[in-house]
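Me: I would like to learn how to read helix packing and nonpolar cores in a model like this one. Could we go through it feature by feature?

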Amino acid sequence: RIDMSQTRLVDLTIMENLIDFKRINDNNGGDVKLIGLENHVASTSHNRALKIITGRVKKRITKRQIRLQKVANRNGWSFQREVDWNTSYLRNFHFFDSRPIEMKSNSLQGLDVENNAQWEIADIVFDEGALLALEVYQTTVQIVRLPSSIPRFIIDKEGLFDKIFDRVKVFSGSKGDIDFVKYAGFSSKFQLSGEDENAVRGFFTDDLISFLEQNEIHHVESNGEALMIFKYLHIARTDEVQNMLTFSHNLLKHMNLKEGS
């Protein structure tokens, strides 16, 4: 545990080293916690450079955070706007195999009662590219923990990542894109890959494929026990957060989920 609460100044290099130290240890099964960062505010535009101002906590609440808090209060959800450096669970998804995650914040959490699924929507910052030429991206992702296990798969909008950054790595042993002859429109619109092609084909029923064809999707990934969804390549507006929740709720209704299977 590294306590930053009594530190008067944390410059860019120190912060980068601390985050890298935490990331390496977390990847190797460790559990490094950075505490006391709530006492710091950014001293530069870089998200890793933090400092204390006159020894007092200085917190800025954005209009978006206020709106998200109101949405949470109205629906009985929880909302945590502070930075959370613990992003280890996101590394259980293929998308982040080679994309280091800096942090997450503005975490909205609740329960999809009808589908019996716990979910979280949060803003994240992640890196892409070689060590000396990193591009930093911000997006809003949703994690939905499922009531039963499903096949591991990835759905991407066809050609999207080729234009923006490296294509997501396919699963080990996968033959690549899984096409459905009966649904040529779906197969031309999306790239689907999976760890077990037969299991994926069996899971993607006519009803599920038809639903997906009618929706705008950027990335949907299953790690077997949860879904990771992001629909926008930017921090989602409040109305877009609502759209993500509506999409995930309807998506689960079209999936064959049997609790306890």
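Predicted model: local features only at pLDDT ≥ 70, side-chain atom pairs only at ≥ 80, totals over all residues.

Me: At what angle do α2 and α7 pack, and how far apart are their axes?

Reply: The angle is about 40°, and the axes of α2 and α7 lie 10 Å apart. Angles under 35 degrees count as roughly parallel, so α2 is oblique to α7.

Me: Which residues make the contact of α6 with α7, and how do α6 and α7 cross?

Reply: The axes of α6 (residues 206–213) and α7 (residues 238–253) come within 10 Å and cross at roughly 160°. Because angles over 145 degrees count as roughly antiparallel, α6 is described as roughly antiparallel to α7, and the crossing of α6 and α7 is right-handed. On the α6 side the contact is made by Leu-208, Phe-211 and Leu-212, and on the α7 side by Phe-247, Asn-250 and Leu-251. Five of the residues in this contact of α6 with α7 are nonpolar and one is polar, with no charged residue.

Me: How should I think about a nonpolar core, and which residues touch the most other members of the largest one?

Reply: In soluble globular proteins, nonpolar side chains tend to be buried together. Here the largest nonpolar core has 40 residues, of which Phe-153, Phe-186, Leu-192, Phe-204, Leu-212, Leu-227 and Leu-251 touch the most other members. Among the elements that give two or more residues to this core are α2 (63–75), β8 (117–128), β11 (190–194), α6 and α7; α7 gives the most, with six residues. There is also a second, separate core of 13 residues, which includes Tyr-89, Phe-126, Val-141 and Ile-143.

Me: Is Gln-191 buried or exposed, and where is its place in the secondary structure?

Reply: Gln-191 belongs to strand β11. Since buried means under 20% relative accessible area, Gln-191, at 11%, is buried. The C-alpha atoms of Gln-191 and Lys-157 are separated by 6.2 Å, although the two residues are 34 apart along the chain.

Me: What does the protein chain look like as a whole, in secondary structure and in burial?

Reply: The secondary structure comes to seven helices and 13 strands, and 48% of the 261 residues count as buried. Among contacts between residues at least 6 apart in sequence, 63% join residues at least 24 apart.

Conventions:
Residues numbered from 1 in each chain as written. Heavy atoms only, no water. Axes fitted to C-alpha atoms, helices over the stretch in contact; angles between N-to-C directions. Helix = DSSP H or I, 4+ residues; strand = E, 2+ residues; numbered from the N terminus. Parallel < 35°, antiparallel > 145°, perpendicular 65-115°, else oblique. Left-handed = near helix turned anticlockwise from the far one by under 90°. Contact = heavy atoms within 4.5 Å. Nonpolar A, V, L, I, M, F, W, Y, C, P; charged D, E, K, R; others polar. Core = buried A, V, L, I, M, F, W, Y, C linked by side-chain atoms within 4.5 Å. Buried < 20%, exposed > 50% of the residue type's maximum accessible area, 1.4 Å probe, protein only.
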